[in-house]
Amino acid sequence: MSVVKSKHKCVVCGRVFPSGQGIIINIEDLTLEFHSNRCFSKFTRELLRRIPTHEIKGYAKRLLEEYSEILLQKAKLKSKKI
Ligand SMILES: [Zn+2]
């Protein structure tokens, strides 16, 4: 049974915020709570800086390819509409 918390605390600035707001990331038993995109990106940038580049490069490349594909599909749809 999981306990539903109604209040969250931002791990970056300590601000308390209600459920349905902010960004909650669950990594197995680790929960990361951010009250805003700004705190989330601050944490994520620092996290990315600490992960060895050779480990992260492959994932970044794949994600980049996925977004490129989405952009390509969007462009195709747009050209069809005209
Ligand atoms: Zn915050």
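## Figure legends: close-up views of a predicted model

**Figure 1. Helix 1 in the predicted model.** Helix 1 contains 14 residues and extends 20 Å from its first C-alpha to its last, close to the 20 Å expected at 1.5 Å a residue. The number of these 14 residues that are buried is one, so helix 1 lies largely in the open. An α-helix has 3.6 residues a turn, so residues three or four places apart point the same way. The model shown here and in the other views is predicted.

Figure 2. Phe40 belongs to helix 1, which covers residues 37-50. Is Phe40 buried or exposed? Phe40 is buried, because 20 other C-beta atoms lie within 10 Å, and a residue counts as buried at 20 or more. When its neighbours within four places in sequence are left aside, Phe40 is in contact with Ile23 and Phe34. Ile25 stands 15 residues from Phe40 along the chain, and the C-alpha atoms of Phe40 and Ile25 are separated by 9.7 Å.

Figure 3. Strand 3 (residues 23-27) pairs with strand 4 (residues 30-34) in the antiparallel sense, over five bridges. Which residue of strand 4 does Ile25 stand opposite? The residue opposite Ile25 is Leu32. Two residues lie between the strands of this hairpin, and Glu28 takes a positive phi near 50°. In a regular strand the side chains alternate between the two faces of the sheet.

**Figure 4. The order of helices and strands.** The secondary structure of the chain consists of two helices and four strands. Read from the N terminus on, the elements run β-β-β-β-α-α. The chain is more spread out than a compact globule, because its radius of gyration is 18 Å, well over the 12 Å that the globule rule gives for 82 residues. Along the principal axes, the C-alpha atoms fill a box of roughly 50 × 35 × 30 Å. Of the 82 residues in the chain, 7% are buried. Among contacts with a separation of 6 or more, 24% join residues 24 or more positions apart.

**Figure 5. The two domains.** The chain is divided into domain 1, residues 1-50, and domain 2, residues 52-82. What distance separates the centres of domain 1 and domain 2? Taken over C-alpha atoms, the centres are 26 Å apart.

How values were computed: Residues numbered from 1 in each chain as written. Predicted model: local features only at pLDDT ≥ 70, side-chain atom pairs only at ≥ 80, totals over all residues. Domains from an automatic or database assignment. Buried ≥ 20, exposed ≤ 12 C-beta atoms within 10 Å, placed from the backbone. Contact = placed C-beta atoms within 7 Å. Rg over C-alpha atoms; globule rule 2.2 N^0.38 Å. Expected span 1.5 Å × (residues − 1). Pairing = 2+ DSSP bridges.
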